[in-house]
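Here is a short briefing to read alongside your viewer. Take a look at the structure first, and then work through the topics below.

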Amino acid sequence: MENHDFKLGLTYDDVLLVPQYSDIESRKFINLRTYFSRNIQLNLPIVSANMDTVTESRMAIAMARVGGIGIIHRFLSIPDQVAEVKKVKRAQNLVIEDPITISKEATLEKSLEVMQNNNISGLLVCDRRGKLEGILTSRDIRFKNNLKMRVKDAMTPRNKTITAPFGTSAEKALQIFDKYRVEKLPLVDKSNKIVGLITSSDFQKLNQFSNAAKDSDGQLLVGAAVGVKDGLKRAEALVEAGCNALVIDIAHGHHKKCIDLTRELKRKFKDTDVVAGNVATIEGTEDLIKAGADAIKVGIGPGAACSTRIVAGAGVPQLSAILEISPLARKYKVPLIADGGVKNSGDAAKAIAAGSSTVMIGNMLAGSYESPGEYYIEDGLAFKVYRGLASRDASIDRQTTEAKADKERQDRAPEGISFRVTYKGEVKKVLRNLLDGLQSGMSYSGAKTVEEFWSKAKFIRMTEAGAKESQPRSHQT
Ligand code: XMP
């Protein structure tokens, strides 16, 4: 073993941001725009973790709508993960180019199932050649008590369906919605073939989410995780579905397998950003950047549901890891994602100040309406489950969802834990608090942008008494 000159490893609770001179008149002048990866910009530096109790399409949609991004976890079959990506892509574009359709011979029961699975309130009815035959909305079904009824007996038929040609402008579509009091406008070509759909709710969402993180087609951004085992195959399907970033999900990213997969993915998918990690050292970061990574995920063991540091004794306190790696990342112009250990908005501000471009969050977002899974009631309170990907619970569950049961892995010592979190309701409240706290933290450093934050922020290390003093408390004697 090398003779170690022990370095000091610090984390969020060891430091504070020292207040700096500021001339920022209001927090609204603070811009949180940042890079998630080399080619993907966000309006909010927050990423939801690729965990099966945190991010599927519902969370990813909520994240992108406020300007961040969600990473769909990989513990789904490839078709199911692809379907989650597609749901995000469909969520907020004005023209849906590939609307979901149903046959007129299908039952209302089947139609309801398709609507529910896709989070939509209507279906275009078409024949086998894709020609429009009518439209069926949830309103057409709501008062029917026989769900075995055929679509053709409940739909608005073609001759009563208002349509428009492809290329109809937003203004024109608005006029049609207003004039005919309809909520869905199918677009058809001269031969009556369906070529798109505009819905009135998408107009409302466009106005409501002006800060949304979108790709060049105006669709919400989304990332998806891939593992080293079936990474290439999975990636191919995800990219085909329109996924904007591939995130390699491996606990120890400074590993030959992760470096090789990064190189392979970059070679195959030149136009899709590849995020590699997790690492906690300069060497790990440089190896992944040289393999082509477009962003680096930093964090070995800081996560709330991680037990790696206890089980394996390995890791680096998160703030020191980011501080040490960030000059190298800056040199290569590759953004860092600070992954794990963010317990409050102050931690997020410290992570960004230390040089990361975004923070990846699990625990703080878990337990919300948008996180996967149902809530349950215990002792009169509502909870959801949050669990580490390497927890025993997660690997037992995966035995049923993964094609091949991995008995060996299930029997290994778990490097994650599982616990309940109080049900939080809609995640937008959490995100609002994070946004406010981040802007406040930047304002204390006199920084109007993330780049300014990196250059102006100064940390001070605290003693335990300082950390204690930082906690709100009542002075009772
Ligand atoms: P937070 O603190 O936001 O952290 O909940 C989320 C991050 O934790 C990581 N993660 C794990 N780390 N064992 C680990 O050592 C696990 O079982 C595990 N599950 C998740 C992951 O990086 C995530 O983004």
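The second largest pocket is lined by 40 residues, and those nearest its centre are I61, R65, A91, K205 and F209. Please keep in mind that the model is a predicted one. The volume of this pocket is about 1,200 Å³.

**The second largest pocket**

- Two or more lining residues come from each of α1 (57-65), α2 (78-90), β8 (122-126), β13 (194-199), α6 (200-208) and α15 (428-444).
- Helix α6 gives the largest share of the lining, six residues.
- By residue type, the lining of this pocket divides into 17 nonpolar, eleven polar and twelve charged residues.
- The second largest pocket lies between domain 1 (12-92 + 216-470) and domain 2 (101-208), because both domains give residues to its lining.

**Aromatic pairs**

- Three aromatic pairs turn up in a search of the whole structure.
- One of them is a tilted pair formed by Y375 and Y423, with 4.7 Å from centre to centre and 40° between the planes.
- This pair links distant parts of the chain, 48 residues apart: Y375 is in the loop between β19 (358-361) and β20 (376-378), while Y423 is in the loop between β22 (418-422) and α15.
- Y375 is partly exposed, with a relative accessible area of 44%, and Y423 also counts as partly exposed, at 25% relative accessibility.
- Y386 and F419 form an edge-to-face pair, with 5.5 Å from centre to centre and 70° between the planes.
- Here too the pair links distant parts of the chain: Y386 belongs to strand β21 (residues 381-387) and F419 to strand β22, 33 residues apart.
- Y386 has 3% relative accessibility and so counts as buried, whereas F419, at 26%, counts as partly exposed.

**Charges over rings**

- The charged end of R58 sits over the ring of Y369, 4.3 Å from the ring's centre.
- R330 lies over the face of W454, at 4.1 Å from the ring centre.

**Sequence separation and distance in space**

- K448 is found in the loop between α15 and α16 (450-456), and its 34% relative accessibility makes it partly exposed.
- Between K448 and L32 there are 416 residues in sequence, yet their C-alpha atoms are 8.2 Å apart in space.
- I71 is part of strand β5 (residues 69-72) and is buried, with a relative accessible area of 0%.
- I71 and S37 are 34 residues apart along the chain, and 13 Å separates their C-alpha atoms.

**Backbone details to check**

- Most peptide bonds are trans, and most residues other than glycine have a negative phi.
- A cis peptide bond, with omega about 0°, joins G277 and N278; N278 is placed in strand β16 (residues 273-279).
- N192 has a positive phi, near 75°, and is not a glycine.
- You will find N192 in the loop between β12 (184-188) and β13, where N192 counts as buried at 19% relative accessibility, since the cut-off for buried is under 20%.
- D379 also has a positive phi, near 50°, in a residue other than glycine.
- The loop between β20 and β21 holds D379, which counts as exposed at 68% relative accessibility.

Methods. Residues numbered from 1 in each chain as written. Predicted model: local features only at pLDDT ≥ 70, side-chain atom pairs only at ≥ 80, totals over all residues. Heavy atoms only, no water. 1 Å grid on protein atoms, 1.4 Å probe; cavity = no way out; pocket = protein on both sides within 12 Å on 5 of 7 lines; lining within 4 Å. Points joined across faces, edges and corners; volume = space filled by probe spheres on them. Helix = DSSP H or I, 4+ residues; strand = E, 2+ residues; numbered from the N terminus. Nonpolar A, V, L, I, M, F, W, Y, C, P; charged D, E, K, R; others polar. Domains from an automatic or database assignment. Phe/Tyr/Trp six-rings, centres within 6.5 Å; stacked < 30°, edge-to-face > 60°. Buried < 20%, exposed > 50% of the residue type's maximum accessible area, 1.4 Å probe, protein only. Lys NZ or Arg CZ within 6 Å of the ring centre and 35° of its normal.
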